Every structure is written in structure tokens, then in C-alpha cells.
Amino acid sequence: MTDGGEVSPADIADEYGRHVDSVRRALNRLPDLVDHDYGSVKLRSNHVAEYVYEAVEQARDATRCAVEATAKAAEAAERGLDETTSAFVAFCAKHGVEVDDRSDARLTLRMDGVRDVGRRVEQAYRLWCDAGKDPARLREAQLQPGEKGYGVAWQFL
């Protein structure tokens, strides 16, 4: 539908395991978003389609981040990391912060897609210190903005 196509209420009902009357009632509550009659449903405009597409993408990204954060927290717990270190790992996974903490190299934080980088770095710093890690190591870390370019220069006070 986001590409300008149409779908029937029956197709929506089949795909999502709902009764077709339930789908029609739901569609009746969305008059500003969709045009529908008995056999077809389409989005009102390309503008609406763009918003719907963006919302779906954001939901997918949020779901992916939640799954990754849960998996990383579980992995940290299995490895026997203490609760404060697990909190740091889970925070990074939740907010898309990738940490390269090889002991033989400078610590690197990759902030791909992270918005409000300054605030996230401050939160990460507090969690890092709570986990008993060397604060100087994080202050000297290299910050990479990542592919989406949301990163900014940062500095700890």
C-alpha cells in the first residue's frame, strides 16, 4: 500500500488472522489515512504513505534494537558479568552504541544512528564508571559517528 497499491479488507483479515468485519471496523476509524470501500483499501495520499512507511521502519528498528539488547544482556549474564557491567552492555545495545574494547587498542565507540549523542555518551560514561571501569579509558575513546552520520564531537568535563 505504501507504493500506491491497493489491498482488500479480506486479504488484510487473512494475513493477520482477523475477521473481515473487524478489519472493516478498524478501517472505519482511520478515515484520514485510508480510502476504502467494500473490496479495496488504499492510502489517501503519497504523503500519508511516506508517514506510514517511516512509522513501520521505526517500529522495525525499535524491535531489532530491543531483541539485540535482550540478547546482549543475556549473553553478558551468561558470561558472568556483574549487574553494573550488564547494565552498560544493555544500554549500549539498546541505543545502538557499539563498543570495541580490545585491551590492546584504543577504546572505540561507534554511534551509528544514535541521536542526541552527547546525552547518550554521558549516560554511557556514568554506567561505565558504575561498572568499575577506568574512566580515563572512556574519556580517551575514539568516537565514530557511524554510517548514518548522527555522531558529533564530544568531550567530558
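## Helices α1 and α2

Helices α1 and α2 cross in a right-handed way (the near helix is turned clockwise from the far one by less than a right angle). The model is predicted; local features need pLDDT of at least 70, side-chain atom pairs count only at pLDDT 80 or more, and totals for chains, interfaces and linings use all residues. Residues are numbered from 1 along each chain as its sequence is written, and side-chain values use heavy atoms, without hydrogens and water.

α1 covers residues 9-16 and α2 residues 20-28; their axes lie 8 Å apart at an angle of about 115 degrees (lines fitted to C-alpha atoms over the stretch in contact, angles from 0 to 180 degrees between N-to-C directions). So α1 is roughly perpendicular to α2 (65 to 115 degrees). Pro9, Ala10, Ile12 and Ala13 of α1 meet Val20, Val23, Arg24 and Leu27 of α2 (heavy atoms within 4.5 Å). These contact residues comprise seven nonpolar, no polar and one charged (Ala, Val, Leu, Ile, Met, Phe, Trp, Tyr, Cys and Pro are nonpolar; Asp, Glu, Lys and Arg are charged; the others, Gly among them, are polar).

## Helix α5

Helix α5 holds 14 residues, 117-130. At 1.5 Å a residue it should span 20 Å, and its end C-alpha atoms are 20 Å apart, which agrees (the expected span is 1.5 Å times one less than the number of residues).

Val117, Arg120, Val121, Gln123, Ala124, Tyr125 and Trp128 of α5 are buried (under 20% relative accessible area, 1.4 Å probe, protein chains only). Gly132 follows α5, with a positive phi near 80 degrees.

## Thr108 in strand β4

Strand β4 (residues 108-110) contains Thr108. Thr108 is buried, at 13% relative accessible area. Beyond neighbours within four places in sequence, Thr108 contacts Glu98, Val99, Asp100, Gln142 and Gln144.

Methods: Helices (H or I, at least four residues) and strands (E, at least two) are DSSP runs, numbered from the N terminus. Buried means under 20% relative accessible area, exposed over 50%, partly exposed in between (1.4 Å probe, protein chains only). Angles under 35 degrees count as roughly parallel, over 145 as roughly antiparallel, 65 to 115 as roughly perpendicular and the rest as oblique.
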